[in-house]
Amino acid sequence: RAKHDGHGSFRFFEAAMDAEARKRRQMELDLREAISGGQLSLMFQPLFNLAESRVSAFEALLRWNHPERGLVSPVDFIPLAEDTGLIVPIGEWVVREACRVARSWPDHVRIAVNVSPVQFRNPGLAAVILQALTESGLPPHRLELEITESLFIDNPATTLASLHSLRRLGVRVALDDFGTGYSSLSYLRAFPFDKIKIDRSFIIDLMSSDGATAIIKSITMLADALGMETTAEGVEDVGQLDILREQGCNQIQGFYFSKPVVEAEVQRLLSAGSREEMRIAS
Ligand code: C2E
Ligand code: MG
Ligand code: MG
Ligand code: MG
């Protein structure tokens with residue numbers, strides 16, 4: 001194959017690399033601008049508690065309203081933000097904004113915030129979270145940090161230490177995208193998470209495979225035994241909901257109940273007897 005790759009195609013490859021590098025560089029500049037220019041916003045997706053028949057939390061989901069490209073998904077800019085370290089100021093903005101918004105919600109409604117491993121490597125994280133709580137007046141137990149298993153790969157000992165110091169602030173800790181990483185079970189033993197969020201990939205298979213139901217059953221039993229709650233991510237239809245309810249999953253999150261909404265829509269979802277609640281109530 002290499003035989004056919006003459007200098008021409010190598011130069012073409014180099015040019016493509018340059019273009020890619022320039023694109024990244026431009027995107028990095030744009031992202032800096034986004035932070036100072038107010039182009040970041042949060043959407044909120046409800047977690048519906050099945051036993052209580054009400055919304056028990058919202059997850060804050062970051063959006064970037066780019067002046068030319070329009071709404072950019074976090075999947076497309078979080079990796080760059082992590083590589084460049086911009087996730088640190090971005091993450092700080094997210095947690096402060098999330099706490100500020102959630103302060104006016106009823107006491108039983110929590111706010112969940114995604115925290116990147118890169119933020120964990122930054123020694124200022126606990127101070128940032130404490131400040132967000134203090135300036136907003138949000139009680140710490142109403143803030144839930146969502147972390148992923150990838151956090152444990154680099155430096156498990158340091159990770160555990162920072163998780164424990166965050167927990168001492170009184171905030172809750174959830175394990176996000178559960179089941180997609182490596183040797184998940186050892187992490188469950190290492191840290192007493194408040195909640196396990198079962199990844200959407202397991203929910204997708206629920207209707208088509210008995211194995212998927214068995215896995216959900218095992219996860220909810222394990223979580224119960226460890227004193228952890230479970231949330232199913234990406235629930236899109238009533239068939240999945242029925243199985244999850246039957247298997248004792250505590251909360252569901254997904255398009256079937258509600259897509260992520262803007263702050264103003266939160267109140268409607270919280271009002272007792274909203275049309276979404278009526279549809280789910282068993
Ligand atoms: P995640 O934390 O697992 O968030 C759930 C994602 O699934 C969200 O995508 C949500 O819109 C989507 N989702 C919810 N229900 C359904 C459903 O029923 N079907 C389908 N197909 N998707 C559903 P989103 O908002 O695009 O966020 C993607 C990821 O970006 C998040 O995954 C999280 O890892 C990351 N992210 C979002 N906001 C932040 C943030 O503020 N900080 C950091 N570090 N990461 C963030
Ligand atoms: Mg999450
Ligand atoms: Mg998730
Ligand atoms: Mg997920």
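Start by selecting the magnesium ion (ligand 4) and the side chains around it: the protein donors are D177 (OD), D199 (OD) and E233 (OE), at 2.2 to 2.6 Å from the metal. Keep in mind as you click around that this is a predicted model. If you have the sequence panel open, highlight those donors and you'll see the spacing D-x21-D-x33-E.

The distance between the magnesium ion (ligand 4) and the magnesium ion (ligand 3) is 3.1 Å, and D177 coordinates both of them. Switch to cartoon view and follow the chain: D177 sits in strand β6 (residues 172-178), while E233 is in the loop between β8 (229-232) and α11 (238-246), so this pair ties together parts that are 56 residues apart in sequence.

Is D177 buried or partly exposed? D177 is partly exposed, with a relative accessible area of 25%. E233, on the other hand, counts as buried, at 11% relative accessibility.

Stay with the magnesium ion (ligand 3) and show its own donors. They are D176 (OD), D177 (OD) and E233 (OE), lying 1.8 to 2.4 Å from the ion. In the sequence panel, their spacing reads D-D-x55-E. Back in the cartoon, D176 belongs to strand β6 and E233 to the loop between β8 and α11, so here the pair ties together parts that are 57 residues apart in sequence. Both D176 and E233 are buried.

One more metal to select: the magnesium ion (ligand 2). Which residue bridges it to the magnesium ion (ligand 3)? That's D176, and the two ions lie 3.6 Å apart.

Colour the lining of the largest pocket by class and you get 20 nonpolar, 14 polar and eleven charged residues.

Last stop is the second largest pocket, with a volume of about 150 Å³. Select N49, E52, S56, R110 and E229 to find it; of the 13 residues lining this pocket, they lie nearest its centre. Use the class colouring here too: the second largest pocket is lined by one nonpolar, six polar and six charged residues.

Conventions: Residues numbered from 1 in each chain as written. Chains lettered and ligands numbered in written order. Predicted model: local features only at pLDDT ≥ 70, side-chain atom pairs only at ≥ 80, totals over all residues. Heavy atoms only, no water. Donors = N, O, S within 2.8 Å, 3.2 Å for Na, K, Ca; no water. Helix = DSSP H or I, 4+ residues; strand = E, 2+ residues; numbered from the N terminus. Buried < 20%, exposed > 50% of the residue type's maximum accessible area, 1.4 Å probe, protein only. Nonpolar A, V, L, I, M, F, W, Y, C, P; charged D, E, K, R; others polar. 1 Å grid on protein atoms, 1.4 Å probe; cavity = no way out; pocket = protein on both sides within 12 Å on 5 of 7 lines; lining within 4 Å. Points joined across faces, edges and corners; volume = space filled by probe spheres on them.
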